[in-house]
Amino acid sequence: MTDIVKELENRVVEITFDKLDGTERVMNATLQETVVPETKGGKTKASETNLVVFDVDKQGWRTIVVDRIKKVA
């Protein structure tokens, strides 16, 4: 997962994953400091099971369950 986080910090990444309801979702996400808004209490971090990213299309923070990620492009 460290590779995904590094990519997210450098560019907008297309992530395909299954949502909790079972439907597939494609999200354009990033962690680029020039794109994401400042957060109170510092940068949002990922855990071993969840990846917290900024959805550039919906302009909001989203959490993705790592085990549900199908593709990163």
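**Entry 1: words and ground rules**

I start with exposure: a residue is buried under 20% relative accessible area, exposed over 50%, and partly exposed in between, using a 1.4 Å probe and protein chains only. This is a predicted model, where local features need pLDDT of at least 70 and side-chain atom pairs count only at pLDDT 80 or more, while totals for chains, interfaces and linings use all residues. Residues are numbered from 1 along each chain as its sequence is written, and side-chain values use heavy atoms, with hydrogens and water left out.

**Entry 2: the aromatic pair**

I searched the whole structure for aromatic pairs and found one. How are the rings of Phe-54 and Trp-61 placed? Their centres are 5.4 Å apart and their planes stand at 70 degrees, so I noted the pair as edge-to-face. Here, rings of Phe, Tyr and Trp (its six-membered ring) pair if their centres lie within 6.5 Å; planes under 30 degrees apart are stacked, over 60 edge-to-face, and the rest tilted. I then checked cover: Phe-54 is buried at 2% relative accessible area, whereas Trp-61, at 28%, is partly exposed.

**Entry 3: the overall layout**

Helices (H or I, at least four residues) and strands (E, at least two) are DSSP runs, numbered from the N terminus. Of the 73 residues, 29% count as buried.

**Entry 4: how the strands pair**

Two strands pair if DSSP finds at least two bridges between them. Strands 1 and 2 are antiparallel, with six bridges; Phe-17 has Arg-25 in strand 2 as its bridge partner. Five residues lie between the strands of this hairpin, and Gly-22 there takes a positive phi near 95 degrees. Strand 2 also runs antiparallel to strand 3, joined by two bridges, and I found Ala-29 bridged to Asp-55 in strand 3.

**Entry 5: the core**

Which residues form the largest nonpolar core? I listed eleven: Ile-4, Leu-8, Val-13, Ile-15, Phe-17, Met-27, Ala-29, Leu-31, Leu-51, Val-53 and Ile-64. Helix 1 (2-10), strand 1 (13-18), strand 2 (24-30) and strand 3 (50-55) each give two or more residues to this core. Strand 1 gives the largest share, three residues. A nonpolar core means buried Ala, Val, Leu, Ile, Met, Phe, Trp, Tyr and Cys residues joined through side-chain atoms within 4.5 Å. A note to keep: in soluble globular proteins, nonpolar side chains tend to be buried together.
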